Amino acid sequence: MSLRQAILFLAASLLFLLAVVPANAGDRPYFITYDSNMEEPGTLEIETMGLTGQPKGGDAFLAGLMEFEYGAKGWWTTEFYLDGQTTANQSTVFTGFRWENRFRMLMKEHFVNPVLYVEFENINGADKTLKEVVGYDSQFDGLVPNAIARQDKLREIETKLILSSNLNGWNISENFIAEKNLAGGPWEFGYAAAVSRPLALAASPEECVLCRENFQVGAEFYGGLGTAEKFLGGGTSQYVAPVIGWQVHDVLLKIAPTFGLTGASYRVMLRFGVNYEISGFGRKLRKLFQQ
Amino acid sequence: MRPRVRSLSGVTIILAIVTTFCLTLSTVAQEPSFRNAPASAAQMKNPYEDNPGAAAAGKKLYGQNCSQCHGNNLQGMGPAPTLINPATQKAKPGELFWFITNGDLNKGMPSWAGLPKPQRWQIVTFLESKFSEGKAK
């Protein structure tokens, strides 16, 4: 499958989702940063996210991930991801899976709401989803051909402390990331922060597509902070990304042109995503097995 | 000295009666708050009280965020309870707002603090309008 075919396939999938699937309001348009919002218990959210970019002197790529997010409890959300990518002039490869869990630490709403995040990743070196940026991750990792990069198996544990506040319609979220390859190597650190707000805080009485309340705008900032051996050294990747979310008939579409701020960063990337929810999924599944 | 002792004991008895009366009155008057909402929540005023436009917007928001669990007619579905119950209908607008904001994570009600404050009040306005409709019938 060529890069062009892959983009067309993705665009067709997005249009299909747009036409048929319902989602919940209130989700943030972030790609990297987590806020304290948990999935409603028994609800399954399916999200597709894409990222396209090109390392300096390398081939363009389109990475994609499919996310299945389930609300196990009001305070516990669990997610499963499948990752893949296609690189122009090379190949399309499945790059692994991730399983993450988020635990809300305080049961009531506070000025700052902390959430603990633990993830197990079983991916390979060809992964280009840039789901998080840690340590000294750089655009030059993307120069390694898929055939070689996929031989590099990565089994990693990733932890995050998520802090999130909701103030006068604004959401402000900060994530502190620590990641460790189980095969060895030092702890790697990173961060992500984001801020967003709907264009209108009150909803209009009519059903509408282009109302201001349906649009969220904001920005994300993320990057590596080095490793336990060399913390805050030079050569890390740093990114800034304006984000826009658009709620269309209960489906959230989001897009983020992303700009690298250092030499190690990809110069420009584009992220895009769409999500939808199946409410009462757990209940329906239980019924199916009880019959 | 004797008359003074008598008058003192009289005052004590009257004080005891008044105190007992006040305590009884306060116990009767103090109904438990809705879902353990703090007293400050009950004091909050709905900025959209009796505003039909806000109720209509709240209906739309209820459809997007709440109806999947509580049903289109507030009847409740699965583990989520019906909202047409005396406790919810008696709850003050501020208490409903507080509960929507905080949820009850241990019992499966999510926090909706991610929704902007005006939208949470619009949902409260919609619920109040539905409760009023029910009373009118």
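Reader: Which residues are linked with A:Asp83 and A:Arg98 in a network of salt bridges?

Author: The search of the whole structure finds 13 salt bridges over all chains. A:Asp83 and A:Arg98 belong to a network of such bridges, and the other residues linked in it are A:Glu119, A:Glu121, A:Asp127 and A:Glu132.

Reader: Is A:Glu79, which meets A:Arg102 in a salt bridge, buried or exposed?

Author: The side chains of A:Glu79 and A:Arg102 form a salt bridge with an N to O distance of 2.6 Å. This pair also links distant parts of the chain, as A:Glu79 lies in strand 3 (residues 76-87) of chain A and A:Arg102 in strand 4 of chain A, 23 residues apart. A:Arg102 has a relative accessibility of 3% and therefore counts as buried. Because its relative accessible area is 1%, A:Glu79 is buried.

Reader: Why does A:Met105 count as partly exposed?

Author: A:Met105 has its place in the loop between strand 4 (92-104) and strand 5 (113-124) of chain A. Together with A:Leu106, A:Leu116, A:Leu161 and A:Phe176, A:Met105 makes a nonpolar surface patch of about 420 Å². A:Met105 counts as partly exposed because its relative accessibility is 44%.

Reader: How many bridges join strand 11 of chain A to strand 12 of chain A?

Author: Strand 11 (residues 251-260) of chain A runs antiparallel to strand 10 (residues 238-248) of chain A, and seven bridges join the two. At this pairing, A:Gln247 stands opposite A:Leu252 in strand 11 of chain A. Towards strand 12, A:Phe259 has A:Val268 as its bridge partner. Strand 11 and strand 12 (residues 268-278) of chain A are also antiparallel, and the number of bridges joining them is eight.

Reader: How many helices are there in chain B?

Author: From the N terminus on, the elements of chain B run α-α-α-α-α-α-α. Chain B has zero strands, and its helices number seven.

Reader: What share of the 137 residues in chain B is buried?

Author: Chain B exposes about 8,300 Å², of which carbon and sulfur atoms supply 61%. Among its contacts with a separation of 6 or more, 62% are between residues 24 or more positions apart. Of the 137 residues in chain B, the buried share is 41%.

Reader: Which element of chain B has the lowest mean pLDDT?

Author: The complex receives an ipTM of 0.84 and a pTM of 0.85 from the predictor. Chain B has a mean pLDDT of 85, with 84% of its residues at 70 or more. Where pLDDT is low, predicted coordinates should not be read in detail. Among the elements of chain B, the highest mean pLDDT (96) belongs to helix 6 (residues 93-102), and the lowest (62) to helix 1 (residues 2-29).

Definitions and conventions: Residues numbered from 1 in each chain as written. Chains lettered and ligands numbered in written order. Predicted model: local features only at pLDDT ≥ 70, side-chain atom pairs only at ≥ 80, totals over all residues. Heavy atoms only, no water. Helix = DSSP H or I, 4+ residues; strand = E, 2+ residues; numbered from the N terminus. Buried < 20%, exposed > 50% of the residue type's maximum accessible area, 1.4 Å probe, protein only. Contact = heavy atoms within 4.5 Å. Areas by Shrake-Rupley, 256 points an atom, 1.4 Å probe, with all protein chains shown as cover. Pairing = 2+ DSSP bridges. Patch = residues over 30% accessible without salt bridge, like charges linked within 9 Å, V, L, I, M, F, W, Y side chains within 5 Å. Salt bridge = Lys/Arg side-chain N within 4 Å of Asp/Glu carboxyl O. pLDDT = per-residue confidence, 0-100.
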